[in-house]
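Please keep the sequence and the structure at hand while reading.

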Amino acid sequence: MAKALFLKLKEALISVLPVTAIVLIISFTPLINLTVTETVAFAVSAVFLIIGIALFNLGADLAMTPMGEHVGAGLTKSKKLVVLISVCFVMGVLITVAEPDLSVLAGQVSAVINPTVLIVTVGAGVGVFLVIAILKIVFRKNLSALLTFFYMMLFAVCALLIQEGKISFLPLSFDSGGVTTGPITVPFIMALGVGIATTIGGRNANENSFGLIALCSIGPMIAVMFLALFSNGEISYEVADYSVQSGLEDFWHVLLEHGLDVLKALGLVVVFFAILQLTILKLPKKKILQIAVGIAYTFFGLVIFLVAVVIGFMPIGFKLGQELAGNTPLLVVFGFILGLVVVLAEPAVHVLNKQVEEITGGGVKKIEMLLALSLAVGVSIGLSLIRMIFGFSLLYYLIPGYLISLGLSFFVPKIYTAIAFDSGGVASGPLTSSFILPLAIGACTAMGGDVMTDAFGIVAMVAMTPLITIQALGFKAVTAAKVRQKITIKRMLSADDEQIIYFK
């Protein structure tokens, strides 16, 4: 166990060090004026971030992933489809309702939409689409066709919102798809898909195990858009107190709040798993003990991670945005560079990359995934800041982006499409919403823009661009294979006849 923890700490250090170094280096230039308290708070938070990511990743390996696989496999073996989809719907709702990121988002728009109503609506959206994802695996339906159909439905509802004059709800709707696939949801749901697909079998079992996160990201967006259609008024946003001093003064309150949020999230999963263990799964005690230890690691890791982000990263992100707002070209370049490295520190990204490499048998390398995700997030943040500066609609990015993504899905191997759409939900994790979003909010307030229409939507962009870059990897693989095949055939046809040996 000690060796495994050491390896996780090493991985976390490599992940967090780049973004920490970039922020600290720029803080010693005339561009940014951080106080000693802010610099120390950020540096200490970075250390705790490393510890939190390491503990969480170890916990995901020991508990969340095995739990999802055992639930998926156990329910599938029961051969009761009604039980399978009923349990998956309930799990989808419970895990989503308990996601800390969703509670934060709901609190920011409470002036127009009741937070409880918003959370339950998003949870129901995830539950329904998790059932659709499970049925896709069971009946072996084409993921590209499903994604095309539901994204067309999404943009149809989007058009209704625009017609009703509720365009300010669009960034919130699209962002809701990103925040729901958080660090607790991703490992469990992905493993659930692996368990079901492996049990059902078939030649496309590996391909079928992906795509759950992709479909579960669409549900909240459609659900929130429908909710917005029946709401009254416009969204109003009040900028919170992002000062480091405020966070330090409220340290115990922040610790208790996030501790309870994570306890609630994990508690719902554990209670439901315990019921399934007693009725269907009946796993051996040794496996249950391992899962219990993993849950403890997950709890402490996630609490440490979230507290470190709130105390150190969120305030510094906001201040960086404010102080760089006067130099817009530098703001865009800095956002792009920050995006290249910030995705490395997202806990769920490492869970996805590891599972992708295992499921594909090394066909899709972890390093390829990381490079594709880093480039995607860097570009998305740069483009989002450009949109904020010029004040044009988020749809000018999202509509062409999703059309390109869906178009690519018909030309690349299906497994790349499934991985790409899953990656979109995973990349937009808690660090994106708690560091990159405050950066955009800080810059937007300094420029005097509308936070809800200009700053929000950055999470949606982070969720969209990986769809293109990772499918581009698949397109490259297909093209390279065809080129190699043509070269081989050409060499065979142009071979020197004298080198051919004829037998009489």
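**Pocket lining and a helix pair**

In this predicted model, H1 provides the largest share of the lining of the second largest pocket, namely seven residues.

- The space within the second largest pocket amounts to about 370 Å³.
- The pocket is lined by 18 residues, and those closest to its centre are Leu7, Lys8, Glu11, His350 and Lys366.
- At least two lining residues come from each of helix H1 (2-27), helix H2 (36-77), helix H15 (347-359) and helix H16 (366-390).
- Sorted by class, the lining of the second largest pocket consists of eight nonpolar, six charged and four polar residues.

**The packing of H17 with H21**

- Helix H17, which covers residues 395-408, packs against helix H21, residues 458-493, at an angle of about 30°, and the two axes lie 9 Å apart.
- Because angles under 35 degrees count as roughly parallel, H17 and H21 are therefore roughly parallel to each other.
- The crossing that H17 and H21 form is left-handed.
- On the H17 side the contact involves Tyr397, Leu398, Gly401, Tyr402, Ile404, Ser405 and Leu408, which meet Ala460, Met461, Met464, Leu467, Ile468 and Gln471 of H21.
- In terms of residue class, this contact of H17 with H21 has ten nonpolar and three polar residues, with no charged residues.

Key: Residues numbered from 1 in each chain as written. Predicted model: local features only at pLDDT ≥ 70, side-chain atom pairs only at ≥ 80, totals over all residues. Heavy atoms only, no water. 1 Å grid on protein atoms, 1.4 Å probe; cavity = no way out; pocket = protein on both sides within 12 Å on 5 of 7 lines; lining within 4 Å. Points joined across faces, edges and corners; volume = space filled by probe spheres on them. Helix = DSSP H or I, 4+ residues; strand = E, 2+ residues; numbered from the N terminus. Nonpolar A, V, L, I, M, F, W, Y, C, P; charged D, E, K, R; others polar. Axes fitted to C-alpha atoms, helices over the stretch in contact; angles between N-to-C directions. Parallel < 35°, antiparallel > 145°, perpendicular 65-115°, else oblique. Left-handed = near helix turned anticlockwise from the far one by under 90°. Contact = heavy atoms within 4.5 Å.
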